[in-house]
Amino acid sequence: MSFGEIFIILVPIFFVILLGFIAGNRGIFNKETSKGINTLVTKIALPAHLFVGITTTSRETIFDKASFLGALLIGVIGFFIVLLLITKWTTKYDFVTSTMFSLNSTQPTFAFMGIPVMGSIFGAEAIAIPIALMGIIVNAVLDPLSTILGTVGSRNNGSESTEKKESLFKVTMKSIGHGLTEPLACVPIIGLILVLVFNFHLPELGEKSLDQIGDVVSGVALFAVGVTIGINKIKLSFSAFSIAILKAVVQPLVMVGIALALGLGHNDFVQAVLLVSFPGSAVATMIAIRFKSLETEVASAFVISAILSIITLPFLITALM
């Protein structure tokens, strides 16, 4: 695929993001109203889209994704853990700050950009399973793990008040439970169980019904990314640039090595790399804000990584395809 063809695919995508940016920057949408768009995408439209994609896929096709799932686990969870250890040992950051730095350098905005970007290349049906697997890893593993580690670090730092302290077991169970109840985690899991255990195939009427809401994902998700960028102010700092470069450049290169080592097929190889190459996630930013750690830096890094992806994505797709 030539650079010109990739450019034609990406221009409409970034045009919609630009519209969202203008709406956010001009105050048409603010942080409160933008939550409605994000909720529509992450809790209703995208889960519906993924459920259709999974339950209209054969059991054999899902089993064939075992190596792909392994690559994502190493490229996301493994990358996060290694980066956390390196950050803690080589910087002056405490454990909480190191955790939030690593989380925001790892978690991509796969839910918002995966379908429009990858769908334009492979087709909407082909990328439902990869995005669903990434949703399970991020929402059921990465975010709960980061919350648990952040809580442990806060406790050790003495920054968590006595009144708010809970047992580590309770925090762990609550974090995992919250992750599993997120639609982007539980809906794909339910779909996978139905297909793998019961060999379920969604009837045509169910598919058409869910598609009525699922089909709005692409444009609305991109607009939401733009709004989020538009309402956040950038503060240029070494930490913000470091997070953005790790997210948009280093992690995709690491995933290339992982995919090669596991011998993934061409499509799985490209999809695994693209899934981690998207800009940082607003969800990861909110987790950092919850722990009052690097709030300005991670919000700025989200915007910087989104701008950086305008450059990196075309070159990356051209090289991989």
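Let's start where α4 passes α12: the crossing is right-handed, meaning the near helix is turned clockwise from the far one by less than a right angle. This is a predicted model, in which local features need pLDDT of at least 70, side-chain atom pairs count only at pLDDT 80 or more, and totals for chains, interfaces and linings use all residues. Residues are numbered from 1 along each chain as its sequence is written, and side-chain values use heavy atoms, leaving out hydrogens and water.

Helices here are DSSP runs of H or I with at least four residues, numbered from the N terminus. The table lists some of them.

| Helix | Residues |
|---|---|
| α4 | 66-90 |
| α7 | 128-157 |
| α9 | 183-198 |
| α12 | 238-262 |

Back to the pair: α4 and α12 pack at about 135°, their axes 10 Å apart. By class, their contact has 12 nonpolar, four polar and no charged residues. Among those on the α4 side are Phe 79 and Leu 83, while α12 brings residues including Met 255 and Ile 258; contact means heavy atoms within 4.5 Å.

Now for Ile 129, which is found in α7. Is Ile 129 buried or exposed? Ile 129 is buried, with a relative accessible area of 5%, and buried means under 20% (1.4 Å probe, protein chains only). Not counting residues up to four places away in sequence, Ile 129 touches Gly 53, Ile 54, Thr 57, Ile 62 and Lys 65.

After α9 comes Asn 199, with a positive phi near 55°.

Notes:
Helix = DSSP H or I, 4+ residues; strand = E, 2+ residues; numbered from the N terminus. Expected span 1.5 Å × (residues − 1). Axes fitted to C-alpha atoms, helices over the stretch in contact; angles between N-to-C directions. Nonpolar A, V, L, I, M, F, W, Y, C, P; charged D, E, K, R; others polar. Buried < 20%, exposed > 50% of the residue type's maximum accessible area, 1.4 Å probe, protein only.
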